[in-house]
Amino acid sequence: MDDAKEKIYRIVTGISRDIKLDKFIFFGGYPIDSLSGLCEKQETNDFDIAIRGTGIEQMNRYEAAVTENGYKITAARRPYIIHRTDQVFTTFAQKGKVIIDANFMEDSTKVGLFNIDSLYFVFPGLALVDQYGCLEGIRSKTITSIRGLNNESPYFLAARFIYLSAKYTISMLDPRNRDVVDGIVRNMNNEPVDLRGEFNSFLSSIFKSILKSREKLGYLSELVE
């Protein structure tokens, strides 16, 4: 794990230099996969960061900084809602194979929907925050909700849940995970009108999850059930 942390430190330091910010959250697949030791071994250059605040001037400064450092902004300030009411703006910037997915939000620590995608690092200092047991959840193949199933669009939850279960080869029908499954399905039935347009994302996630799964026939069987 020490080698993984050292590499994460180098990456985060480089990101800080490129985006000219001295405070942000580093989260998502890269740090989780690097620390877990049980996930994909392939290299990735797609990095997720969360930046506190949604002010126009702050987003302007960020876009100017990455452009100055050779990045091309491929999508700017894409808005979406998390936790029913919280506004997030996402900007994708790419230089060569490196992609920075910057998320501007009022509380930059509110990342992740489940225990196994909740881990993050705080820059500067690179303090590791794993308050919901992300790494233990991956090892034990247990998925739990960290903010309550009623506090998020069930379609958004479903999309993320099936993707994570495929990525980490976690059974959706395991008794430890059935409460989450049943709760999401129940909320989808109770919320037939998809006000945020998340249903299309859910359908897309199904196909991505099938491709991501290592045991496709077994995974398809679980999806059907």
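Helices (H or I, at least four residues) and strands (E, at least two) are here DSSP runs, numbered from the N terminus. The structure is a predicted model: local features need pLDDT of at least 70, side-chain atom pairs count only at pLDDT 80 or more, and totals for chains, interfaces and linings use all residues. Residues are numbered from 1 along each chain as its sequence is written, and side-chain values use heavy atoms, with hydrogens and water left out.

Let us turn to the pockets. On a 1 Å grid over the protein atoms alone, a pocket is an open set of points where a 1.4 Å probe fits, with protein on both sides within 12 Å along at least five of seven lines; lining residues have an atom within 4 Å of a point. A volume is the space filled by probe spheres set on the points, which are joined across faces, edges and corners.

The largest pocket has a volume of about 1,600 Å³. It is lined by 50 residues, and Phe27, Asp48, Asp101, Arg160 and Tyr163 are the closest to its centre. Among the elements that give two or more residues to this lining are helix 1 (2-19), strand 2 (46-52) and strand 5 (98-105), while helix 5 gives the most, with six residues.

Now look at the second largest pocket, whose volume is about 320 Å³. Of its 16 lining residues, Ile162, Met172, Val181, Val185 and Leu223 are the closest to the centre. Helix 5, helix 6 (175-190), helix 7 and helix 8 (216-224) each give two or more residues to this lining, with the largest share, six residues, coming from helix 6.
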